[in-house]
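Here is a friendly briefing to read alongside the model. Take a look at the fold, then follow the notes by topic.

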Amino acid sequence: MQNLFQDLNPPACRLMGPGPVEVDPRVLNAMSMPMLGQFDPRFTSYMNEVMSLYRGIFQTRNEWTLLVDGTARAGIEAVMVSLLSPGDKVLVPVFGRFGHLLAEIAGRCRAEVITIEAEWGQVFDPQQIEDAIIQHRPKLLACVQGDTSTTMAQPLNEIGKICRAHDVLIAVDATASLTGMPLDTDDWQIDAVTAGLQKCLSGPPGIAPITLNDRAAELIQRRKHIEQGIRPDNYQAADGEMIQSNYFDLAMIMDYWSEARLNHHTEATSMLYAARECARIVLQEGWQTRFARHNQTSTALVNGLRAMDLEVFGKDLQYKMPNVTGVVIPKGVDADKLRGEMLHDFAIEIGTSFGPLHGKIWRIGTMGYGCRKDNVLACLAALEMTLRRNGHSAPAGAGVDAALAVYNDPSHDAFSNNITNA
Ligand SMILES: Cc1ncc(COP(=O)(O)O)c(C=O)c1O
């Protein structure tokens with residue numbers, strides 16, 4: 001009982017797992033700002049600013065760019081339950097754990113779910129996806145961009161166009177990839193994108209930025225049923241089937257974020273402040289610098305790991321996410337013991353893995369604020385020490401030297417994949 005009355009005092013750790021990652025101090029600062037009433041014009045203008053900022057983040061002109069309160073899966077669930085009626089067909093290309101999550105959520109919306117699967121560590125050829133679309137004629141294709149469970153990213157630039165050509169909607173889960181690698185919502189013709197703050201956006205978990213284009217928004221509006229008690233005069237419900245969830249009813253959430261300000265939930269004030277600051281940080285840094293930073297760090301980490309005689313996970317590293325790297329656990333090393341020692345002795349957290357990769361790879365995240373040279377060097381040095389104590393000896397200092405070589409090389413082109421082959 002005594003502990004209950006002690007002040008919170010969590011240690012500062014380098015969070016180098018697949019998320020959550022270190023929160024940018026600017027975001028923590030924003031979260032400590034005073035509460036405002038939800039209809040205070042200063043607060044509603046922050047809501048409008050958030051919409052505008054996230055249009056920049058999602059690279060879109062979509063009016064309906066807003067926050068869903070809840071973790072990243074809240075955004076996914078809101079999009080699915082608002083777009084899908086029972087019996088609708090959904091196609092999910094699964095190349096890791098989060099593809100299964102999309103299928104699971106679509107199933108709970110009582111959709112007819114069809115999956116195609118790629119081995120964990122690989123991605124799909126766009127032709128495979130087009131073939132499945134032609135075969136199954138789904139209403140919606142739901143696809144993950146970067147699946148942290150395998151560290152692989154599905155190229156999407158052609159998939160949106162394929163969906164549009166076949167009159168299929170496409171929803172993308174960009175939770176783990178957004179702002180760590182390009183995602184051009186409008187250019188790639190993606191109808192809905194969902195994300196979370198706790199990865200490259202360098203915020204805490206708990207809010208899901210989403211964007212919807214007119215195709216998606218019109219479908220949702222056709223299902224608008226406003227709850228009793230807040231209905232305006234002359235209210236007439238839309239013809240379409242009522243959305244099965246109240247909390248995730250995007251038709252009502254859109255009203256809350258519009259000038260109508262029809263009260264739905266109470267907006268998570270401090271999380272909105274956080275989301276606003278996360279977006280400002282990204283847009284102030286600029287895309288070129290940001291992607292270059294993530295690519296360079298990925299290369300430095302991969303080269304460092306290889307110099308320590310470690311194998312980087314993935315058949316074709318051109319599809320590796322720049323912000324997460326899988327390391328094959330050397331034979332004989334107790335994976336969880338090593339992770340525990342990294343955390344206990346060096347205050348560095350690296351990630352375990354799920355499903356078929358459990359016990360086979362560790363995952364190291366270098367995302368947003370956490371995507372830094374000092375993090376990479378500290379992680380490689382700590383890994384070398386802990387590996388040595390656990391039976392895998394690497395050449396002393398080789399990992400750090402190889403990573404530093406990437407950072408110190410002015411000819412290093414951070415936009416290309418400069419990962420050297422072992
Ligand atoms: C690609 C992807 N999608 C969805 C999620 C689920 O996010 P949350 O735990 O915030 O609901 C994650 C979390 O790691 C993720 O990496």
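A crossing of two helices is called right-handed if the near helix is turned clockwise from the far one by less than a right angle, and left-handed if anticlockwise. This is a predicted model, in which local features need pLDDT of at least 70 and side-chain atom pairs count only at pLDDT 80 or more, while totals for chains, interfaces and linings use all residues. Residues are numbered from 1 along each chain as its sequence is written. Helices (H or I, at least four residues) and strands (E, at least two) are DSSP runs, numbered from the N terminus.

**Domains**

- The domain assignment, which is automatic or from a database, gives domain 1 (25-282) and domain 2 (287-408).
- The C-alpha centres of the two domains lie 31 Å apart.
- In all, 23 residues of domain 1 are in contact with 23 residues of domain 2 (contact means C-beta atoms, placed from the backbone, within 7 Å).
- On the domain 1 side, the touching residues divide into ten nonpolar, eleven polar and two charged (Ala, Val, Leu, Ile, Met, Phe, Trp, Tyr, Cys and Pro count as nonpolar, Asp, Glu, Lys and Arg as charged, and the others, Gly among them, as polar).

**The sheet**

- Seven strands form an open, mixed sheet in the order S2-S10-S9-S8-S5-S3-S4 (strands pair if DSSP finds at least two bridges between them).
- Strands S2 (64-69) and S4 (112-117) each have a single partner strand, so one side of each is left without a neighbour in the sheet.
- From one strand to the next, the twist averages 20° (axes are lines fitted to C-alpha atoms, for helices over the stretch in contact, and angles run from 0 to 180 degrees between N-to-C directions).
- Strands S9 (residues 192-194) and S10 (residues 207-212) are antiparallel partners over three bridges, with Ala-192 opposite Leu-212 in S10.
- Helix H2 (residues 41-58) packs on this sheet, where H2 touches S2, S9 and S10.

**Helix pairs**

- Helices H3 (residues 72-83) and H4 (residues 97-108) pack at about 45°, with axes 10 Å apart.
- That angle makes H3 oblique to H4 (under 35 degrees is roughly parallel, over 145 roughly antiparallel, 65 to 115 roughly perpendicular, and the rest oblique).
- H3 and H4 cross in a right-handed way, and their contact includes Ile-76 and Met-80 of H3 and Leu-101 and Ile-105 of H4.
- Helices H12 (residues 373-389) and H13 (residues 398-408) pack at about 160°, with axes 8 Å apart, and are therefore roughly antiparallel.

Note on methods:
Two residues are in contact if their C-beta atoms, placed from the backbone, lie within 7 Å.
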